[in-house]
Amino acid sequence: MIPRPQLLESPDFTEPGIEWDDTPCPLCGDRDEELRFEATDPTPRDRDRGRRFLVVRCRQCGLSYTNPRPGPESIGQFYPTDYKPHRRPRKLAQANPRGRFWERLLGRPCHERRGLLPWDGVGRLLDFGCGGGSFLKRMADQGWDVTGLDAAVGAVQNVQDQLGLRAVVGSLPHPDLRPGSFEIVTMWHSIEHVHEPLEILREAYRLLIPGGKLIIACPNIESWAFRRFGTDWFGLDVPRHLTHFTRNSLTAMLLTAGMRVESLRTIRHSDWVRSSAKLAVRSPRAHFRDQILTWKPMAKLAAWLVYAMGRSDCLIAVAERPRV
Ligand SMILES: [Zn+2]
């Protein structure tokens with residue numbers, strides 16, 4: 001039994017205008033959950049107000065998730081107007097190889113991975129959670145037939161008006177998207193934001209052709225950085241992140257959705273170690289080591305070492321809709 005919102009210290013849980021959603025496990029549907037920790041919203045506006053959220057773990061399947069959580073009608077209130085992924089695209093770093101030796105040693109950061117799809121030639125691509133459209137633009141320039149999907153109306157309008165690319169507002173399933181009509185579906189840091197991740201993955205399965213690939217990147221709550229920084233870890237981002245994946249739980253959800261997992265590994269996110277250290281030094285409990293990691297060269301060094309240990313901030317999975 002976990003504390004209900006009204007039992008928390010924060011008065012914000014009782015404020016009018018927010019619909020709270022007490023969810024069963026988003027993977028197995030059970031209600032046998034245990035409290036893992038409480039965390040605050042790291043955006044300055046809400047952190048200052050002390051609003052706290054609970055992250056629980058399902059005792060049946062091990063999935064961690066934010067619960068209770070703002071419901072689908074209320075979650076939008078928790079996105080700052082300048083939320084980074086919704087901004088207009090900046091020029092992306094090119095995915096040119098830096099040489100196989102350095103690539104093996106340092107790994108590619110998350111944003112560089114996005115140009116490298118496990119597909120020969122080009123085809124039809126759906127980007128779920130397309131944000132400002134920078135990835136869509138890059139793939140369209142390479143000859144891909146791209147479609148963006150995002151819940152943010154402004155982001156979709158930017159993609160349509162400023163980039164001239166196809167994008168639709170909403171989530172999955174979507175009436176404008178036909179089953180079996182994409183070779184690739186990508187989800188770059190979007191699956192952790194949705195209320196029904198398993199249903200989204202099942203719909204991605206239906207939208208793919210047999211043999212089509214689903215690529216997912218999301219935060220890794222088994223990372224070194226989460227152990228080091230705890231609730232100051234930048235990848236936690238409650239309440240916008242509703243599901244907190246590990247290798248095992250992401251694999252389990254993909255398999256439950258019918259996908260075959262081809263690969264699943266951890267990759268560096270370019271700046272999360274440093275961003276986490278910056279959040280940690282705000283705390284009176286801050287350690288000298290946190291201060292050191294706010295220094296860019298040290299944060300980069302830490303990120304490379306952690307990559308070598310296989311415990312980076314992000315998970316990246318490539319899964320296939322089986323051919324038969
Ligand atoms: Zn479960």
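Proline 173 is placed in the loop between β8 (166-169) and β9 (182-188). Helices (H or I, at least four residues) and strands (E, at least two) are DSSP runs, numbered from the N terminus. The peptide bond between leucine 172 and proline 173 is cis, with omega at about -5 degrees. The structure is a predicted model, in which local features need pLDDT of at least 70 and side-chain atom pairs count only at pLDDT 80 or more, while totals for chains, interfaces and linings use all residues. Residues are numbered from 1 along each chain as its sequence is written.

A cis peptide bond also links asparagine 67 to proline 68, with omega of about -5 degrees. Proline 68 belongs to the loop between β4 and β5 (69-70). Histidine 189 is not a glycine, but has a positive phi of about 55 degrees. This histidine 189 sits in the loop between β9 and α6 (197-207). Most residues other than glycine have a negative phi, and most peptide bonds are trans.

Confidence is given by pLDDT, the predictor's confidence in each residue, from 0 to 100. The protein chain has a mean pLDDT of 85, and 83% of its residues reach 70 or more. Residues 1-11 have pLDDT below 50; beyond near neighbours in sequence, this stretch makes 15 contacts in the model. Two residues are in contact if their C-beta atoms, placed from the backbone, lie within 7 Å. Residues 86-99 also have pLDDT under 50, and the model shows 25 contacts for them beyond four places in sequence. Where pLDDT is low, the predicted coordinates should not be read in detail.

Strands pair if DSSP finds at least two bridges between them. Lysine 213 has glutamate 320 of β13 as its bridge partner.

Axes are lines fitted to C-alpha atoms, for helices over the stretch in contact, and angles run from 0 to 180 degrees between N-to-C directions.

Another open sheet has four strands in the order β2-β3-β4-β11, with antiparallel pairing. Its edges are β2 (33-40) and β11 (243-244), each with a single partner strand, so one side of each has no neighbour in the sheet. Antiparallel strands β3 (residues 52-58) and β4 (residues 64-66) are joined by three bridges. Arginine 57 stands opposite serine 64 in β4.

Helix α9 (residues 272-280) packs with helix α11 (residues 296-308) at an angle of about 120 degrees, their axes 8 Å apart. The contact involves Val273, Arg274 and Ala277 of α9, together with Lys296, Ala299, Ala302 and Ala303 of α11.
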